[in-house]
Every structure is written in structure tokens, then in C-alpha cells.
Amino acid sequence: MLDKVRIVLVNTSHTGNIGSAARAMKTMGLSSLYLVDPVSEPDGKSSALAAGAGDVLANAKIVPTLAEAIADCGLVIGTSARTRTLSWPMLTPRETGIKINDEVHQHDVALVFGRENSGLNNNELRVCDFHTCIEANPEYSSLNLAAAVQTFCYEIRTDYLDREKRKYRPVKVSEYPMAEDLARFYVHLESTLRKTSFIRENHPGVVMEKLKRLFNRARPEALELNILRGILASIDKQYDVKQGRANTAVNKPLHDDEA
């Protein structure tokens, strides 16, 4: 199951941190590493700091966008500081390990880490189902990227081993849509709301941001998302029919008695 846990590093600036993160992963039994638009690809320094985790580093997948890294994941958790103004469901590291092990038997999951100096930006955090943070010393809360990766990987492994000891049998949880399905839903939702003039052209992002937060809190299941897509399609169809009638009425040629 741990092979389905994906560690995603976004826009990493120091190649040594990539190697150290790979080492942190392997010590806890994780092997799936994704690199999103790294400033520099893994090099000799990465290999040196990876030590015996060269295989994790060698098999790392490099992709240009976060959307591509998480497209086929049913659960995405982003690391974030609590000082962010963006309100989102929060998990502790321990709760993160539990949540991941609850769902990993049904779909791939992703744990996303941001840049060394600034973390994940708000757009990246919005695509995550949950946020998580390490409650470090408030007087000195700066953690090295690899140390943060190690902390979360430890919590994932600890809960995993606890389930093994208890001979835990996975309980089927709700089937959730993949990240790429949610992204398509938001595109469809915005298109429909623009078409019906619900979204104001001069403030397009305000409504969508609040709606994304609403749906992320609710976390609709795959079937529920299909229902929502069907509702949008129905609205689109009715709108197009009415627009077609309106256009026909406007362009209708006048009869002699109407002239």
C-alpha cells in the first residue's frame, strides 16, 4: 500500500533537498517521488545526499505542473502553515497518516510539499482536499524540506505498521473523484455560471474561489460529482435552447402584414 503514497515536491530549488527527501522516504518504506518543475533536475549532489536511496531518486517522475502530478489521485493533502488566510480543512501529521492509510487501498494519494522558501501558493493549496502542518516551536518553526518529509513519512508508516499488527482489514470508503475530474468540474461550473451571467465579468475569481472552498469542504463523492455535472449539462441545454429561440425570433423575416 505504501507504494501508492506519492510524495510531491513543488519547484524545489536545491537539488540536495531532493536527494535528502528521497532518503527520508526510503527509510519509511515509501518509493513514489514526483518533482514538479524543479529549478534544477537531480544531480550529483542529489545522489550523494540520497545515500542508499538512489533507486527512489532514479525513478522520480518530473512533471511540469502540479495538476499533472496529482491527476490520478483520489486524495491530495497539501502542507501549509497555519498563518495562511486561506481557510481549508486542516489535519495534524498524525491525522494525515491515518487519513492516507484509510484511503490508499482504493486509490493513489498525494502528499504535496512546497518551495523551501515560500511553500505552496494559494492556487496550489486550492487543489488539495486537506491541508496539514507540523506544530513546530513557534519561536523557531523553520524546518528543512527533508525533515518535513521525514516527519510525515514516519506518521504514515507508524499508522501502517499499527494496522498490520492489528491485522486491520481495510474498510471500503466512499469512492471519490480523481483530481483531474474535479478540475474538469470546476471548468464546467465556471463556464455555466458565466453563460447564465451569474458570475460578473469584472469579478470572475471571487465567486469561483468561494465555490471551490465549499465543494472541497463537502468533498463530493464520484457519483455525487456526476450528478452535479448532469445538473450543469441540463442548465447548459436549456440555456442554449432559449438562446436559439431568441436568436430565431430576432432574425425572423417580416411578413408583408408585419412590415
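Gly78 stands opposite Val112 in strand 6, and that's a handy way into this predicted model. Local features here need pLDDT of at least 70, side-chain atom pairs count only at pLDDT 80 or more, and totals for chains, interfaces and linings use all residues. Residues are numbered from 1 along each chain as its sequence is written, and side-chain values use heavy atoms, with hydrogens and water left out.

- Five of its six residues are buried, meaning under 20% relative accessible area with a 1.4 Å probe, protein chains only.
- Strand 4 (residues 73–79) runs parallel to strand 6, joined by five bridges; two strands pair if DSSP finds at least two bridges between them.
- Strand 1 (residues 5–10) is also parallel to strand 6, again with five bridges, and Leu9 has Phe113 as its bridge partner there.

**The second largest pocket**
- This pocket (an open set of points on a 1 Å grid over the protein atoms alone, where a 1.4 Å probe fits, with protein on both sides within 12 Å along at least five of seven lines) has a volume of about 380 Å³, the space filled by probe spheres set on the points.
- Its lining (residues with an atom within 4 Å of a point) counts 18 residues, with Arg126, Val127, Ala183, Tyr186 and Lys212 nearest the centre.
- Helix 4 (66–70), helix 6 (122–126), helix 8 (179–195) and helix 9 (204–218) each supply at least two lining residues; helices are DSSP H or I runs of at least four residues.
- Helix 8 gives the most, with seven.

Terms used:
Buried means under 20% relative accessible area, exposed over 50%, partly exposed in between (1.4 Å probe, protein chains only).
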